[in-house]
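Subject: Structure handover

Hello,

Here is the structure for you to look over. My notes follow below it.

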Amino acid sequence: MMTYLASDILAQQEYFRQLVAKDDQLQTFLFEGGEDIEHFNEKSKAPDFQYPCLVLFMPMLEIDDPGYGNIDANQDNAFAILYMPTEDTDAARNEALQRGQLAAFRVIAQIRKDARSGIFRLPEERKWRVRPMSNVGPDKAHGSMVDFNIITNANAQVGFSD
């Protein structure tokens, strides 16, 4: 039986938590509900926190309601992969940036695979914006931020049309 990703944030958190669990290099999953990194700053100080970390940011939803049948949620998503540089040198910071980028590519590959299996859809025109992040949080972590879109069915959340 096919499992579809629901359009709510709890379903997305669980999906990305499972992506982290499947990846043999990622250690920690965090969800950031706002537009800043307040939660990350707090959680990264906890004794059980470990790098590398995947941070999922709250998606922005656009509900496409044609007035009949299926209601789609077009989701603007973002996640970050953060590593701690091994030392305070340009070479170590660049290595952390590279490792974050390579981990982001692994996550993108898994998202594409899951879309092909029907868990959710990707837009016809796919764009993955991968950009560097430097000196993030109190530890000055480095890595990559990825912006992307997925489409989920929102009928369970919004309901069928009248």
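The model is predicted: local features need pLDDT of at least 70, side-chain atom pairs count only at pLDDT 80 or more, and totals for chains, interfaces and linings use all residues. Numbering runs from 1 along each chain as its sequence is written, and side-chain values use heavy atoms, without hydrogens and water.

The fold: four helices and five strands, in the order α-β-α-β-β-α-β-β-α. These are DSSP runs numbered from the N terminus (helices H or I, at least four residues; strands E, at least two).

T152 sits in strand β5, residues 141-153. T152 counts as buried because its relative accessibility is 2%; the cut-offs are under 20% for buried, over 50% for exposed and partly exposed in between, with a 1.4 Å probe and protein chains only. Of the 162 residues in the protein chain, 41% are buried.

Q75 is the bridge partner, in β3, of L61. Strands β2 and β3 (residues 72-83) run antiparallel, with ten bridges. Strands pair if DSSP finds at least two bridges between them. β1 (residues 28-32) and β2 (residues 53-64) run parallel, joined by five bridges. There, F31 stands opposite L56 of β2.

Best wishes
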